[in-house]
Amino acid sequence: MLNHIGIKFKTVCLLLLSSVAFSCSSNQSEPVDYVRPMMGTGTAGCVVPMAAAPFGMVQLGPDTHFTASGYHYNHKEIYGFSHTHKSGGGGTDFQDILFMPVVGQFWQDCALFPDKVTSRFSHEQETAEPAYYQVKLLDYGVNAELTATGRCGMHRYSYPADSMQQLIVDLKSGCQHSTTIFADEDFDTVKIAHIELVGDNTIQGYRISNGWAPEQHVYFYAEFSKPILSSRLFEDKKIKNNISGLTGTDVRAILEFDSDNNEPLIARVGISPVSMDGARQNLAVEIDSWNFDAIHKSTRDKWNNELSAIQIDDEKSAQKEVFYTCLYYAMLYPMLYSDVTGEYRSSDSKVYKGDFNYYAGVLGLWDTFRAQNPLITILRPDISNDLIKTFIEHYKHCGQLPIWTLAGVENMCMIGYHSMPVIADAYYKGIRDYDVQAVYKAMKTSANRDTFGYFLKSFRGARYYNKYGYVPYDKEITSVSKTLEYCYDDWCIAQMAKMLNQTDDYNYYISRAGRYKNLYDSTVRFMRGRNSNGEWREPFDPFHSNHYRPDDDFCEGTSWQWTFFVPHDGQGLIDLMGGRDGFVSKLDSLFIVSSEIHGDNPAPDISGLIGQYAHGNEPSHSTLYMYNYAGRPWKAQKLISEVLYTMYNTSPEGICGNDDTGQMSAWYVFSSMGFYPVTHGQGVYFIGTPMFKNISLKHDKGTLTITANNVSRDNCYIQSVSLNGQPYYKNWLKHEDLFNGDTHLVFEMGNTPNTKWGSAEDALPPSM
């Protein structure tokens, strides 16, 4: 990410809004037509324009480099099309099983595989839509089209007339970095790869590697619409003659196909984390024809069905495009990671079988517990239910609920134990078709585990947190951030205990949830590092960030940003700061102080800055709504509106930080509707400010209709609210108020604050 994105970022984004390439077409009529998959493909959004199904395992798209998510809008060359991506992610991995169509005599005769194979491309000959990607490879004259189902990818390559139709299959290429600060380990390593011809038009193989995941398995089974006329297999770039299969650590192939009729070459490819046969069965079930357009239409229709759960009745605008693009990004995850047979590869790298969909392909819970997971509980409770089942299976094989999983494997990335808010939130909302006692036991066990951070070689866990009542900075790095997040997760366990009538557990975990107070220094009015002797770290600088270094007590942020991360106990934080006025003064200061960051190696994730508020990174996402705790909701309304209008747009630079597997987008979806899930496990949403005149959301119990009369960018202030025709004065809502049948929420909007609405003592959200 860029370190500091402030006014300059906003100006650039607003100018780019006028770009014709990202404007609304005149014949749009369905939600899927408003999606702009190029949004966030530039700067550090880490978005890939790709073919994928909702929550699908396959993310088939172009690779312009082998780092980050694999694609950047400013790049000029494409290396090929790989079947796995982590679009929008902060951490980097995947880009497995790469196909690259090529032409020319060289490819027919080469005995040594070249060091670099690329083709130039132009955005003027590139198309990205949900379920579809197209680009012209200028060096070869090949028009490449991609589409996908949940577990399979489909390619259509139109070669120049009378050219040799050739295809590179590359099992060496993959993401070259593995999200670690240790340079000697910051690379993807192929442990073993295999390819073999198994018929006139069929190949299969696998790639087993390490990277961010200590062990990642990708198996494939590929069928082609034409017979393979010839094949050349390469090991360590050297050709191996007279063989039909090859196993090694650097395996590639060049296949040649019949070009007499100049028909396009179509490839249909099944992917599996389990086996080549699993990939074959996935393909047999999901793509049983050569009709590329039919598969594209089927997956596009699935996207339209998912996106149509929310309907916006408002004029066509860039904001409407941003909304549906964000909803699209938010519904890419959690990532499916089981075969049609029910088999999956779990956290111990062994294969198991279940009667549910296993969603551990990508689980970035540090980011997504905040809004993306709660959004899925509303739109797809069935997937949320299977996600909790996934958590239980992960626990059985790992001994701990998921922290951050990639390719089904735990990598212990980031901090906290954020399965807790996801589980408590889902259970409160009635999503309970799983072994509740098993998951509750797993919550308590996981909250007291001492673990080791694979990607940083850094201890993390409850040992010191329980011994001292906080994490001392002389025992662990990012000590303050860990303490604050553990407190919040403990609060979520307490909510689960309360719902299960476990009084002793509730009392224990609610006590732990208040430990954040041990790191608040009233003399400087900030959260601050403390050592095991109880002494404050000296010197103290609230603008300091030194990314994952021993002198950094904050994870990807500064004390300014983390001091307000007490989402469960706003009143407690207010009391620490001397009351409402002191709290509001401090919160006001967050948005007007300098955006400079001090330190030798500031965290690159500190982006989207307004003062020291960093919208580009997830710990700040609840901060705007903390004004509600203090009875000053109009202050939140103005700032939320500014973020909605200035830090999101449909250009490649349209996300002010990486999308982090849908969390940045989910914040927009919730916030633009006028409410946001600051806390989890008690069904509470804080009211912000709506963006659209009329919006409706279909859920499993009815329809929520939201009307915002007189709303505009200037008219961002709530004058009054009614719920089902009755005046509503609280600045927060219960889940059952919104999602228990047909509900109508009406906002009356204006251009000046109504300081009386939502400010009374009995209008404030509940605190611990």
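Is Arg512 buried or exposed, and what is its relative accessible area? In this predicted model, Arg512 is buried, with a relative accessible area of 1%. The side chain of Arg512 meets that of Asp490 in a salt bridge, with 2.8 Å from N to O. Asp490 belongs to helix H12 and Arg512 to helix H13 (residues 503–512), and the pair links distant parts of the chain, 22 residues apart. Asp490 is likewise buried, its relative accessible area being 0%.

Glu485 forms a salt bridge with Arg370, and the closest N and O atoms are 3.6 Å apart.

In total, the structure holds 34 salt bridges. Side chains of opposite charge can pair when their charged atoms come close. One of the salt bridges joins the side chains of Arg300 and Asp33, with an N to O distance of 2.5 Å. Arg300 is located in helix H4 (residues 292–307) and Asp33 in the loop between helix H1 (7–16) and strand S1 (51–52); the pair links distant parts of the chain, 267 residues apart. Salt bridges that share partners join Arg300 and Asp33 with Glu30 into one network.

Thr368 was examined next. This residue lies in helix H6, which spans residues 365–368. Thr368 counts as buried, because its relative accessibility of 4% falls under the 20% limit. The side chain of Thr368 makes a polar contact with the side chain of Asn373 at 2.8 Å. When residues up to four places away in sequence are not counted, Thr368 touches Asn373, Pro374, Asp660, Thr661 and Gln663.

Attention then turned to strand S19. Strand S19 comprises residues 265–272 and is mostly covered, with eight of its eight residues buried. In a regular strand the side chains alternate between the two faces of the sheet. In S19, both faces are covered: Leu265, Ala267, Val269 and Ile271 are buried on one side, and Ile266, Arg268, Gly270 and Ser272 are buried on the other. Strand S10 (residues 152–158) pairs with S19 in the antiparallel sense over six bridges. Within this pairing, Cys152 stands opposite Gly270 of S19. Strand S14 (residues 216–224) also pairs with S19 in the antiparallel sense, over six bridges. There, the bridge partner of Tyr219 is Ser272 in S19.

Aromatic pairs were also counted, and the total comes to 43. Among them, Tyr464 and Tyr468 form a tilted pair, with 6.5 Å from centre to centre and 35 degrees between the planes. Tyr464 and Tyr468 are separated by about one helical turn, because they stand four residues apart in helix H11 (residues 463–468). Tyr464 is buried, with a relative accessible area of 17%, whereas Tyr468 counts as partly exposed at 23% relative accessibility. The rings of Trp562 and Phe565 have their centres 5.7 Å apart and their planes at 70 degrees, so this pair is edge-to-face. Trp562 is buried at a relative accessible area of 1%, and Phe565 is buried at 3%. Elsewhere, ring pairs link Tyr625, Tyr648, Trp667, Tyr668, Phe670, Phe675, Tyr676, Tyr685 and Phe739 into a cluster.

Key: Residues are numbered from 1 along each chain as its sequence is written. This is a predicted model: local features need pLDDT of at least 70, side-chain atom pairs count only at pLDDT 80 or more; totals for chains, interfaces and linings use all residues. Side-chain values use heavy atoms; hydrogens and water are left out. Helices (H or I, at least four residues) and strands (E, at least two) are DSSP runs, numbered from the N terminus. Buried means under 20% relative accessible area, exposed over 50%, partly exposed in between (1.4 Å probe, protein chains only). A polar contact is a pair of N or O atoms within 3.5 Å; within protein, one must be able to donate a hydrogen and the other to accept it, and residues adjacent in sequence count only if both atoms are side-chain atoms. Contact means heavy atoms within 4.5 Å. A salt bridge is a side-chain nitrogen of Lys or Arg within 4 Å of a carboxyl oxygen of Asp or Glu. Two strands pair if DSSP finds at least two bridges between them. Rings of Phe, Tyr and Trp (its six-membered ring) pair if their centres lie within 6.5 Å; planes under 30 degrees apart count as stacked, over 60 as edge-to-face and the rest as tilted.
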